[in-house]
Amino acid sequence: MAKSEKPDVFRVERTKLDVTVLVFSGASIMCVASTIDPLRAANRVLGETLFDFRFVSVGGEPAMTTCGLPVAVSGKFDPARQTDMIVVVAGFGTQGYATASFLHGLRRAARSARACGGVEAGTWLVARAGLLEGRAATTHWEDMEDFSAAFPGTDVRPDRYVIDGPVFTCGGASPTFDLMLHLVRSRLGMAVALDVASVFIYDQSRAATDAQPLVSLGRLDGYDPRLAQAIRLMESHIDQPLSTAAIARRAGVTARTLESIFRNSIGETPGAYYLRLRLTAARKLVTDTRIPMADIAARTGFSSASSFSRAFAKASGKAPTELRKSVT
């Protein structure tokens, strides 16, 4: 810890921690819940309030989550209010919130807080405030490449969550739950963390440094490791697709066996699933970014923008340019 940095909140400390959750419209309700529910459960398990959390928004109005449920807040974000930990939870539309006034306020608040970080797209706001310069960080896997380009002074990692000194970043809802459980464990011990995990029937099987998966396989790994291995190969070669034969060789099976595994487990061929995986990644780039279609085609393994457009239209019933216009 640098001399200028305050004591880490991720350490043994049985004192009340004041947590300010700054939530923005466009955030996922799962990210919001993953931020505060482990802390709420810890308070319940302990029978005392050791995590004192409050919701705020920039303007003091409720934040509307992507599922349509509003998050009630206790007031406006006040950079001058003393707090131990600031958690910025955001999703779609963060570019509209990154005003000079807000970023200045976030920097000011972070200077006095012991920890400050971002959840999912909240990482962009934390980075734009200059808080990730010279730090290690992560963000949602969809944004990893663009995030790295936008913040060259940040060591961007594909981890589920990253803690670097007083700054933390999370890739999404599940890693945020992991992070908050780590906070509980670090401050109050393993027994309390296990009790909190049990409240949610939660089995943490991933480490912070595990790479974020494009496809969440859940318990599929335990049912057929060859299927899981094949899907992991596909997701790691979105931009340069492998042939079914090449995937089969790496998975240690014949192409015919791999076809059978996919048909029995998923109900489609490896090629069909692979194409759908690439088009799913492409769809998110079409709707959530302004990246040119030719670049999206290259990123998702198509030889040209025209071949990408044809495949996209066949699968979704609408050309990518049409879809982008409909969501803007």
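1. Contact means that heavy atoms lie within 4.5 Å. By that rule, residues 24 or more positions apart account for 63% of the contacts in the protein chain with a separation of 6 or more.

2. This is a predicted model, in which local features need pLDDT of at least 70 and side-chain atom pairs count only at pLDDT 80 or more, while totals for chains, interfaces and linings use all residues. Residues are numbered from 1 along each chain as its sequence is written, and side-chain values use heavy atoms, with hydrogens and water left out.

3. The protein chain has 14 helices and 10 strands (DSSP runs numbered from the N terminus: helices are H or I with at least four residues, strands are E with at least two).

4. A compact globule of 328 residues would have a radius of gyration near 20 Å, and the 21 Å of the protein chain agrees with this. The radius is taken over C-alpha atoms, and the globule rule is 2.2 Å times the number of residues to the power 0.38. Along the principal axes, the C-alpha atoms fill a box of roughly 60 × 45 × 40 Å.

5. Of the 328 residues in the protein chain, 49% are buried (under 20% relative accessible area, with a 1.4 Å probe and protein chains only).

6. Helix α2 (residues 100-112) has 13 residues and should span 18 Å at 1.5 Å a residue; its end C-alpha atoms are 19 Å apart, which agrees. The expected span is 1.5 Å times one less than the number of residues.

7. Which residues are buried in α2? They are Phe102, Leu103, Gly105, Leu106, Ala109, Ala110 and Ser112. Their cover includes β1 (17-23), β5 (85-90), β6 (115-120) and α3 (122-128).

How values were computed:
Buried < 20%, exposed > 50% of the residue type's maximum accessible area, 1.4 Å probe, protein only.
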